Amino acid sequence: MKDETQSLANKPDLVDMFSRTISYLRLSLTDRCNLRCMYCMPLDSKGGLQVLKHEDLLSYEELLRIVGLVVPMGMNKIRLTGGEPLVRKGVMGFIAALSQIDGLDEIRLTTNGVLLKEKAAGLYAAGIRKLNISLDTLRPERFKKITGLDLFDQVWQGIEAAVEFGFDVKLNVVAMRDINDDELIDFAGLAVDKPYQIRFIEFMPVGRDSSWDKNTYISSSELKERIGAMGTLEPLPGCRLDGPARMYSLTAADGATGRVGFISPISHHFCDTCNRLRLTSAGRLRACLLHDREADLKALLRSGGTDDEIRALIKQTILDKPKGHTLAENQAACSGQMSRIGG
Ligand code: SAM
Ligand code: SF4
């Protein structure tokens, strides 16, 4: 493991006002999606969905320029997200180009899995090894209700294809009372039976039209208690934190074990160890998912911004990163659209 003092010394541009080193960039490649998850893509009052025009997205050339600047500053990990990153035309070529950037240690992807079966081989060839796949139900009819489309089987085949290709797969489940909380044990059972981690995420109030309410929200402590009924949950000491997830081993009654994680942005926020910077699909830098302050990097790029000016804006955004989110006091703190910001 790298000596922390040394890595801080090597990354002065990336250290914020609270001594956090911001070494992880999340790119929202598009705000479009082939699903319509009820909590993520609410329709507007006229029943429509507002998405960006293609020219309002950063082009792949612009994105590569930015990544080419931040990697030498010390950012060594990138996650591609959205919207659904795999629906953007040309994404495989973009990933291949990203993987050629010296010093970029890891490219990860968050996907809904709809296109995974057809794209798994290409993603593996492009150098991606870690996938987060979002799945909130194991029941096809409920999948249609939550996501608006009848594509459970396709997603499931995508997950199986990813495992066969050798990807490290994490399944992300947003836990929602009276929507999917009768499946907590089924999901936890998958962690024991299958070679992937299951991570339960607390439902967050994101977006102006969010369907969030306090009755639907379930805290991680409640989730742990309910999952604990199927076996023994033990915190994993060596990797207590896997990104923002608190990791546990789960041993079922028959002795089989697996790993489950809990991501608790609301009940036990992880702001003091947050190492993330986001670039939204609208080309705006955002230092905190749950805080609306953004810097317009696209405007700078398109008005002829020099490399030095771009680096300066990135550095300033990092310096402006808030200490933590304020959702506990103010649930309207984040009015941005999740698919645009990049979950
Ligand atoms: N389309 C891809 C997917 O679904 O994996 C990537 C983008 S999606 C916005 C990223 C993640 O954000 C998904 O796991 C989704 O479940 C999660 N998410 C979206 N809205 C959320 C909310 N209000 N609370 C918690 N998680 C949310
Ligand atoms: Fe699409 Fe992902 Fe949002 Fe669902 S959570 S609508 S799959 S972007």
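This briefing walks through the overall build of the structure, its two ligand sites and a few individual residues. The model is predicted, so local features need pLDDT of at least 70 and side-chain atom pairs count only at pLDDT 80 or more, while totals for chains, interfaces and linings use all residues. Residues are numbered from 1 along each chain as its sequence is written, chains are lettered from A and ligands numbered from 1 in the order in which they are written, and side-chain values use heavy atoms, with hydrogens and water left out.

**Overall build**

- The protein has 11 helices and 13 strands; these are DSSP runs, with helices being H or I of at least four residues and strands E of at least two, numbered from the N terminus.
- With 343 residues, a compact globule would have a radius of gyration near 20 Å, and the protein agrees with its 20 Å. That radius is taken over C-alpha atoms, and the globule rule is 2.2 Å times the number of residues to the power 0.38.
- The C-alpha trace spans about 60 × 50 × 45 Å along the principal axes of the protein.
- Of the 343 residues, 53% count as buried. Here buried means under 20% relative accessible area, exposed means over 50%, and partly exposed lies in between, with a 1.4 Å probe and protein chains only.
- The accessible surface comes to about 15400 Å², and 50% of it belongs to carbon and sulfur atoms. Such areas come from the Shrake-Rupley method with a 1.4 Å probe, and for residues only the protein chains shown count as cover.
- Among contacts (heavy atoms within 4.5 Å) between residues at least 6 apart in sequence, 71% join residues at least 24 apart.

**Around ligand 1**

- There are 15 residues around ligand 1, and Y39, G83, T111, S134 and M204 come nearest. A residue is counted as near a molecule if one of its heavy atoms lies within 4 Å of it.
- By class, this shell has 5 nonpolar, 8 polar and 2 charged residues. Ala, Val, Leu, Ile, Met, Phe, Trp, Tyr, Cys and Pro count as nonpolar, Asp, Glu, Lys and Arg as charged, and the others, Gly among them, as polar.
- An oxygen atom of ligand 1 lies 2.9 Å from a polar side-chain atom of Y39, and an oxygen atom of the ligand is 3.2 Å from a polar backbone atom of T111.
- On the nitrogen side, a polar side-chain atom of E84 lies 3.2 Å from a nitrogen atom of ligand 1.
- On its own, ligand 1 has 550 Å² of accessible area, and the protein covers 95% of that.

- N112 sits in the loop between β3 (106–111) and α4 (116–125), and counts as buried because its relative accessibility is 7%.
- The side chain of N112 makes a polar contact of 2.8 Å with the side chain of N34. A polar contact is a pair of N or O atoms within 3.5 Å; within protein, one must be able to donate a hydrogen and the other to accept it, and residues adjacent in sequence count only if both atoms are side-chain atoms.
- The N112 side chain also reaches the backbone nitrogen of V114 at 2.9 Å.
- Leaving aside residues up to four places away in sequence, N112 touches C33, N34, L35, E84, I133, S134 and V155.

**Inside a strand: V169**

- V169 belongs to strand β5, and it counts as buried because its relative accessibility is 2%.
- V169 and K130 are 39 residues apart in sequence and 6.2 Å apart in space, C-alpha to C-alpha.
- Not counting residues up to four places away in sequence, V169 touches L131, I133, A162, V163, Y196 and Q197.

**Exposed residues to look up**

- S19 is found in the loop between α1 (4–10) and β1 (24–28). Its phi is near 65°, a positive value in a residue other than glycine, and S19 is exposed, with a relative accessible area of 58%.
- D178 is found in the loop between β5 (168–175) and α7 (184–193). The phi of D178 is near 65°, a positive value in a residue other than glycine, and D178 counts as exposed at 71% relative accessibility.
- D308 lies in helix α10 (residues 307–319) and is exposed, with a relative accessible area of 53%.
- The side chains of D308 and R311 are joined by a polar contact of 2.9 Å.
- D308 and L69 are 239 residues apart in sequence and 9.3 Å apart in space, C-alpha to C-alpha.
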